[in-house]
Amino acid sequence: MTDDLESSMLAQQTDLSTLPGARQVRKLPVPVHARFADADGVCQTLEGPVPYHAGDAILTGVRGEQWPMLCTRFKQSYEPLPGQPGQYRKRPQTVLALRLDHAIEVAVNGRRGVLRGQPGDWLLQYGPGDFGVVAADIFDETYRFV
């Protein structure tokens, strides 16, 4: 096995709270734009292509980066900004984050694709087996340590 594959498998089976260097973080209430997909497709995220299905939310972040999210998860995680159609902010939630010191691949929740993180990026754990990767500059702009 390659180191990247081993790292990918480790991430899928590990609770970040058991790893040294993991920290609690919270996303700042920065606005994001959301639209809902009319048909199935693929979103080119910063971390790799991720398929989506009709009805899923396609979000656009602070740097124009995009990522898809299951509609049910979107409704649980984001709230609309009053008087600003299509604009939402993340509901307060504390998650775990670990700064990557090597490249890693992580399966998207629901096995809908693979995200690729680079050294300096952050691996986030939203729940058991539910991981994401956030580029270092975007993490610095949109997350704070708890």
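Reader: Where does Asp-121 lie?

Author: Asp-121 lies in the loop between strand S11 (114-117) and strand S12 (122-127). A strand here is a DSSP run of E with at least two residues, numbered from the N terminus. Mind you, this is a predicted model, where local features need pLDDT of at least 70 and side-chain atom pairs count only at pLDDT 80 or more, while totals for chains, interfaces and linings use all residues. Residues are numbered from 1 along each chain as its sequence is written, and side-chain values use heavy atoms, with hydrogens and water left out.

Reader: Then what does the side chain of Asp-121 reach?

Author: Its side chain reaches the backbone nitrogen of Gln-118 at 2.9 Å, and a polar atom of that side chain lies 3.2 Å from the backbone nitrogen of Ala-136. A polar contact is a pair of N or O atoms within 3.5 Å, one able to donate a hydrogen and the other to accept it, so both distances pass. Leaving aside neighbours within four places in sequence, Asp-121 is in contact (heavy atoms within 4.5 Å) with residues including Leu-98, Arg-99 and Val-133.

Reader: What makes S1 and S9 a pair?

Author: Two strands pair if DSSP finds at least two bridges between them. S1 (residues 23-27) and S9 (residues 94-99) have four, in the antiparallel sense, so they qualify. For instance, the bridge partner of Arg-23 in S9 is Ala-97.

Reader: Why are S13 and S14 called edge strands?

Author: The open sheet of five strands has the order S13-S12-S9-S1-S14, with antiparallel pairing. Strand S13 (130-134) and strand S14 (143-145) each pair on one side only.

Reader: Which residue takes a positive phi in the hairpin of S5 and S6?

Author: That's Gly-64, near 85°, in a hairpin with five residues between the strands. S5 (residues 57-60) and S6 (residues 66-69) run antiparallel and are joined by four bridges.

Reader: And why does Pro-29 count as exposed?

Author: Pro-29, in the loop between S1 and strand S2 (32-36), has 55% relative accessibility. Exposed means over 50%, so Pro-29 is in.

Note on methods:
Buried means under 20% relative accessible area, exposed over 50%, partly exposed in between (1.4 Å probe, protein chains only).
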